[in-house]
Amino acid sequence: LCTCIWFYLWNYDISIELFGYQYEKVVTGRQWWRVVSSSFAHQQPLHLIFNMVTLWNAAPMEIHLGSLRYMKYTFLLVILSMVTVTAFYYAAIYFFDRTYYRHVYSLGYSCVVFGWMMYQCEVSGGTLSYFGLPMPARLAPFAALFLTQLIVPNASFIGHLSGIIIGELIFQGLFDWFVDSIFFVVLAISVLATLYTLRPMLSSNASQGSVTSPDMRMSRPGGWMAVPNTSMDEESGERRTEMKVVDGVLVRVTR
């Protein structure tokens with residue numbers, strides 16, 4: 001599913017603004033569907049490959065738990081990881097004055113991947129060798145967290161940590177009450193809520209044209225991305241609005 005979504009986004013060159021998670025859009029704009037769309041979407045092929053390879057290593061968990069239980073836990077990881085991310089962002093914005101987190105975009109299946117990594121390590125127990133360094137299995141996800149941050153500095157530390165937290169809570173039995181009947185009811189409500197909050201955007205796109213127009217493209221090197229034209233230019237007859245990263249914050253620049 002993640003691979004198909006990535007191919008679609010890549011093939012039609014769709015901007016991250018249309019599907020990425022952003023605190024301002026999710027909380028203030030009530031675009032709750034972004035919790036789901038951002039979790040299954042990727043921009044960079046290497047990001048997708050890393051997540052899918054790591055998820056494949058956790059495949060024995062589906063055999064261990066059964067497909068339905070595995071699906072339930074994956075659902076919890078998707079929703080609750082993003083709820084935890086939102087809580088971290090709220091604390092950063094209102095208690096530590098990190099307004100950057102209002103505007104930053106994030107996406108990828110990494111929250112779920114790190115959650116399953118934590119769960120699998122807890123199930124395995126004992127010790128393991130991480131790049132030749134023996135350590136308790138439950139510490140391996142934290143080692144992977146810091147190693148990922150060193151290799152990819154712009155990786156979402158908060159997102160990965162949120163996945164680890166939810167994975168540990170699931171293993172500790174905090175959601176044992178989440179039986180099949182409750183799962184299907186919550187799943188149905190989540191689908192309806194997603195479609196309901198997605199409706200305004202679909203209506204807007206229907207009136208303005210396809211979301212895959214050339215003016216809505218994925219981000220380019222250098223921190224720039226194009227967004228729909230909204231202003232008039234003297235020579236070309238059209239105004240252009242662009243996004244630029246300034247001090248870690250996405251700002252609009254009209255030319």
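Residues are numbered from 1 along each chain as its sequence is written, and side-chain values use heavy atoms, with hydrogens and water left out. Because the model is predicted, local features need pLDDT of at least 70 and side-chain atom pairs count only at pLDDT 80 or more, whereas totals for chains, interfaces and linings use all residues.

**Overall make-up**

- The protein has 10 helices and five strands, where helices (H or I, at least four residues) and strands (E, at least two) are DSSP runs numbered from the N terminus.
- Of its 255 residues, 40% count as buried; buried means under 20% relative accessible area, exposed over 50%, and partly exposed in between, with a 1.4 Å probe and protein chains only.
- Among the contacts (heavy atoms within 4.5 Å) with a separation of 6 or more, 63% are between residues 24 or more positions apart.
- The protein exposes about 14300 Å², and carbon and sulfur atoms supply 65% of that area, as given by the Shrake-Rupley method with a 1.4 Å probe, in which only the protein chains shown count as cover for residues.

**Helix 4**

- Helix 4 (residues 45-57) has 13 residues and should span 18 Å at 1.5 Å a residue, which agrees with the 18 Å between its end C-alpha atoms; the expected span is 1.5 Å times one less than the number of residues.
- Leu48, Asn51, Thr54 and Leu55 are buried in helix 4.
- These residues cover an arc of only 140° around the axis, which puts them on the same side of helix 4; the arc is that of the directions from the helix axis to the C-beta atoms.
- Leu46 and Trp56, on the other side of helix 4, are exposed, while the buried residues of the helix pack against helix 1 (2-11), helix 6 (67-95) and helix 7 (110-124).

- Strand 1 (residues 127-130) and strand 2 (residues 133-136) run antiparallel and are joined by four bridges; two strands pair if DSSP finds at least two bridges between them.
- Tyr130 stands opposite Leu133 in strand 2, and the two strands form a hairpin with two residues between them, where Phe131 in the turn has a positive phi of about 55°.

**Positive phi in loops**

- Most residues other than glycine have a negative phi.
- Asp13, which lies in the loop between helix 1 and helix 2 (23-28), has a positive phi near 55°.
- Arg30, in the loop between helix 2 and helix 3 (34-40), has a positive phi of about 55° although it is not a glycine, and Arg30 is exposed, with a relative accessible area of 58%.
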